[in-house]
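The following explanation leads the reader through a predicted model.

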Amino acid sequence: MKDIFHSTGFKIFLAAVFVMFAMMLYTAGTGSSFTARVMGLLTVPMQKISTVVTNNASVSAESTTQSKEQLIAENKQLRQQVDDLNRKLVNYYTYQQENAQLRKFLELKSENEDFKPVAAAVIGRDPNDLFGGFTLDQGTQSGVKVNDPVVTEAGVVGWVSSVNAGYSKVTSVLSPETKISAIDKVSRDTGVVGCDEKMADDGIVALQYLSAGTKVKAGDLVVTNGIGGVYPRNLLIGTVKDVKNSATDVSLYAEVTPAVDVRNVRDVLVITSFQGQGQAMEGLSSGTSSSSSPVSSGVK
Amino acid sequence: MGKYRVVRYVAYAIETVALFVLQETPGLIPELFGARPLLLIPVALSIAMFEEEVPALCFGLAAGLFLDFGAGGTLGFYGLLLGSVCYVVSLMAANLFRTNFLTAMLVSAVSSAVILALRWVFFFVLFGYAYPAYALTAHYLPMFVYTAAIMPLTYYFNRALALQIRSKEE
C-alpha cells in the first residue's frame, strides 16, 4: 500500500484530480472551455452523420415493411423493381417533408418580418438530460447566441443555453430552468409557464400564478406575451388541458400540453434576432443590481 | 512503448469515441422506463480492469470528459469521478481480486451506483429541483440498471481485445 502512495502513478492521479477540479471551477464560471471546443470539433461531425443514418434507417425500415406487404399481394416478379422504387420514394418523402418544413418556416418568417431565423437539426440527446434538452448542429458560426429562442412551425421548443462554434445546447420548455412569460389567448390572463420533474415526465407544463377568479379553461391557447425579451410575442406554447389549485398558495395553475413534442423533435428554427430581443436583460444589467441573470425575463 | 500497446490504446480510443456518438444519437438506443444508458461508464471500467493504473486513469478521464461534454455545462464532474474510479479499479484488479465476469459486474454495479448517486446529489438535489426522490426512483435508478447491464458486452469485448493483442505482444 505504501508503494502505491509513493508511485509515479499516484502522483499522476493527484495531478489529474487537481486538473479536473480546476476545470470544473473554470467551466462552471465561464460556461465553456477550450476542451469543450476540441471535443465538439471531434464529435459533432460524427454525431451529424450518425443522426442522419439513424433517421434514414428508421424511415427505410417503415417503408420497406409497407412495400413488402403490397408486393406479396400484387406481383412477386416485380418485387425487386418495387424495392428500387421504394428506395427512391424514401428520398422523395424525406425531401417532401423537408420542403414542407421549410415552407412553414418561410411562412413564419413572412408573418414576422423582424425574425432572423436559422434552421437547425437535432444531432444529440444526452441520457443525463431528464427534461428533453438536446444538441443542435448550428452554433456561433451561424449567428446563434445564448438565450436565443428555439421554435418549430408548431410553437415554442426551448432556448439556447450554451453555444459553441459549430453546435449549441438547447434547454427545453420541460426544464425547470425555463420560465416563459405567457398569456391565455382567449381570456387574456397572464402567468408564467414553468415545469417540474413530474410534469416533464407527463409531457406537460404549467401556466402558473393565475388569480383565483381566472377565466382560463381547457382548450384555450397559451402564447408568449413578449415580456422579458427572450421570446417574441404570440408564439404558441400549447393548449390548456386543465386548471388546478396550487399546492403551495391560493393561486391557480393551468396544465398546458405543449404544441411541440420536444422529446422527439428533429428540426427546429433558432430565432437569432427579433424586435425587442434582450430588452429586459439589458435593463437588468444596466440597473442597480450587479446580477446579470435575467431571472424574471424568461430564463432563469 | 510497444507497437501492440499503441494499437490497443488506439482501439480503446476509437471504441470510446464511437460509443459516445452512439450514446448521443437521438432514437438509436431504445429507452428503458424512460432512461438511456451511459455507455462510457462500463467501457471505461472494463478498460480499467485490463490495463495498468495510469492508462486506466487516462481512459477514465477521457470517457468522463466525453460524458461531461454530452451533458453540457460544467466539464470535469464525470472526468474526476470516472478517472478516480478507473484508477482504483485498475489497482484493485491488479492487487486485490481476479478479473472475471462476476467481479466485472460487481465493479460495474458499485461504480455506476456511486457515480449516478453523486450526479443526482450535485445536479438535481443541489440545483433545487422539485421531487428529488421521484427523480431518483423514476430516472436515476433505471439509468443505473441500464448502465450496469451494458457491462457484459463491454467486458467481453475489451477482454477479447486485450487478450488478442497481448498474445501477439508476448
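**The nonpolar core and its surroundings**

In this predicted model, the largest nonpolar core comprises 112 residues. The members with the most contacts inside it are A:Val157, A:Ile237, A:Val268, B:Leu40, B:Ala44 and B:Cys86. Helix H3(B) gives the most to this core, with 12 residues. Domain 1 (31–111) and domain 2 (115–300) of chain A both give residues to the core, so it lies between them. In soluble globular proteins, nonpolar side chains tend to be buried together.

A:Ile237, one of the core residues with the most contacts, illustrates the packing in chain A. With neighbours within four places in sequence left aside, A:Ile237 is in contact with residues including A:Val173, A:Ile180, A:Val193, A:Val222, A:Val256 and A:Pro258. A:Gly155 and A:Thr224 are also among its contacts.

Chain A also contains a barrel, which six strands close in the order S6-S7-S8-S11-S10-S9 with antiparallel pairing. From one strand to the next, the twist averages 40°. Within chain A, strand S7 (residues 190–194) and strand S8 (residues 205–210) pair in the antiparallel sense over three bridges. A:Val192 stands opposite A:Gln208 in S8(A).

The contact between the chains takes 38 residues from chain A and 43 residues from chain B. On the side of chain B that touches chain A, at least two residues each come from helix H1 (3–24), helix H3 (53–71), helix H4 (77–95) and helix H6 (132–149) of chain B. H3(B) gives the most to this side, with nine residues. The residues of this side of chain B divide into 27 nonpolar, 13 polar and three charged.

Conventions:
Residues are numbered from 1 along each chain as its sequence is written. Chains are lettered from A and ligands numbered from 1 in the order in which they are written. This is a predicted model: local features need pLDDT of at least 70, side-chain atom pairs count only at pLDDT 80 or more; totals for chains, interfaces and linings use all residues. Two residues are in contact if their C-beta atoms, placed from the backbone, lie within 7 Å. Helices (H or I, at least four residues) and strands (E, at least two) are DSSP runs, numbered from the N terminus. Ala, Val, Leu, Ile, Met, Phe, Trp, Tyr, Cys and Pro count as nonpolar, Asp, Glu, Lys and Arg as charged, and the others, Gly among them, as polar. A nonpolar core is a set of buried Ala, Val, Leu, Ile, Met, Phe, Trp, Tyr and Cys residues joined through C-beta atoms within 7 Å. A residue is buried if 20 or more other C-beta atoms lie within 10 Å of its own, exposed if 12 or fewer, and partly exposed in between; C-beta atoms are placed from the backbone. Domain bounds come from an automatic or database domain assignment. Two strands pair if DSSP finds at least two bridges between them. Axes are lines fitted to C-alpha atoms, for helices over the stretch in contact, and angles run from 0 to 180 degrees between N-to-C directions.
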